[in-house]
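Let's take a friendly walk through this fold. Have a look at the picture first, and then we'll go through how the pieces sit together.

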Amino acid sequence: MTDADITTATADWQAWQESWDRQQEWYLPDREERFRIMLDMVEALVGTAPRVLDLACGTGSITARLLTRFPDATSTGVDLDPALLAIAEGTFAGDDRVRLVTADLKDLHWAAKLPYDSYDAVLTATALHWLHREPLADLYGQVAGLVRAGGVFMNADHMIDETTPRINAAERAQRHIRMDQAKRDGILDWAQWWQLAAKDPVLAGPTARRYEIYGEHADGDAPSAAWHARVLREKGFGEARPVWCSPSDTLLLAVK
C-alpha cells in the first residue's frame with residue numbers, strides 16, 4: 001500500500017505505522033539501528049521481560065519493536081498527541097501487554113496517571129527535543145523517580161555539540177543533500193504526512209486537536225550529549241553516557 005492509498009483504508013493501522021516509519025526515516029536513515037542498540041542494552045541490563053515506559057510514545061514505534069523482540073515484555077506508552085495516540089490505540093488494540101496514557105510531560109503530575117510506580121526501563125526517541133532545557137531537566141528528575149534501582153533510561157535524539165560548528169555544518173549540508181534527493185523520489189516529509197492525516201476520516205479530528213496543542217512544531221532545545229549525561233547524574237542516575245551515535249544523533253543510556 002502506498003501513502004496515497006491510506007486515505008481509503010482508514011482502519012489499516014499497520015499502513016499508518018509504516019507510513020510514519022518512512023516519514024521518520026527521511027530524517028533518520030539509521031533509525032532502526034538506534035532501536036536495535038536500545039533493545040540490546042535493555043536486554044543486557046534488565047533482561048528480556050522488562051516493564052517499560054515508552055515516553056512520548058507517538059505511534060508506539062519503540063513498543064512495537066520491544067514486543068516483537070521480547071514477547072514477555074510489557075509497555076506503558078504515554079503521550080499527549082491525540083492523532084499519534086489514535087494510531088497507537090488502533091495498532092495495539094486487544095494486546096494486554098500495552099497500556100496507553102494521555103498526559104502532558106510538562107505537567108508536574110503526569111506520572112500520577114501511570115499504572116505503575118516503577119519501571120525496569122524508560123525509553124524515548126526523537127521526542128524530548130520538543131522541550132527546553134529547564135523543563136527537560138525537571139522531567140529527568142521525574143524519570144529518575146520512576147526507574148527502579150538498577151533500571152535504565154535511554155534517550156535517542158538530536159544532541160548538538162556546539163563546540164564543533166564546522167563539523168555540524170558539514171553534516172547538516174550532507175544530510176540535506178540526501179533528504180532533497182529522497183523528496184524528489186517521492187518521500188513524504190513531516191508537513192506532508194500531517195496533511196495526509198488531516199484528510200483521513202478517522203484521523204482528521206485528532207489531527208486538528210494536535211495542532212491546537214502543538215501548532216506546527218514545538219520550539220525546544222537540542223543540548224549536547226554531555227549536558228544530558230551531566231543532568232541525568234545530577235537527577236539521581238549513577239552512570240550516564242552515549243552508547244551509540246551517528247553524525248547527528250545520540251543514544252544516551254543512564255543506569256539508576
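Which strands does helix α9 lie across? Helix α9, residues 225-234, lies across β5, β6 and β7, and it runs at about 15 degrees to β7. Keep in mind that this is a predicted model.

Now for the sheet itself. Seven strands make up an open sheet, and reading across you get β3-β2-β1-β4-β5-β7-β6, with mixed pairing. At the edges sit β3 (98-102) and β6 (239-245), each of which pairs on one side only. On average, neighbouring strands here are turned by 20 degrees against each other, if you ignore direction.

Another helix packs on this sheet too: α2 (residues 31-46) touches β4, β5 (147-158), β6 and β7 (249-255). The direction of α2 makes about 170 degrees with that of β5.

Zoom in on one pair of strands: β1 (residues 51-55) and β4 (residues 119-125) run parallel and are joined by three bridges. For L53, the bridge partner in β4 is V122.

Finally, there's a helix pair to look at. The axes of α7 and α8 come within 7 Å and cross at roughly 130 degrees, which makes α7 oblique to α8. Here's who meets whom:

| Helix | Residues in the helix | Residues in the contact |
|---|---|---|
| α7 | residues 190-199 | W190, W194, A197 and A198 |
| α8 | residues 204-214 | A204, T207, R210 and Y211 |

By type, the residues of this contact split into six nonpolar, one polar and one charged.

Definitions and conventions: Residues numbered from 1 in each chain as written. Predicted model: local features only at pLDDT ≥ 70, side-chain atom pairs only at ≥ 80, totals over all residues. Heavy atoms only, no water. Axes fitted to C-alpha atoms, helices over the stretch in contact; angles between N-to-C directions. Helix = DSSP H or I, 4+ residues; strand = E, 2+ residues; numbered from the N terminus. Parallel < 35°, antiparallel > 145°, perpendicular 65-115°, else oblique. Contact = heavy atoms within 4.5 Å. Nonpolar A, V, L, I, M, F, W, Y, C, P; charged D, E, K, R; others polar. Pairing = 2+ DSSP bridges.
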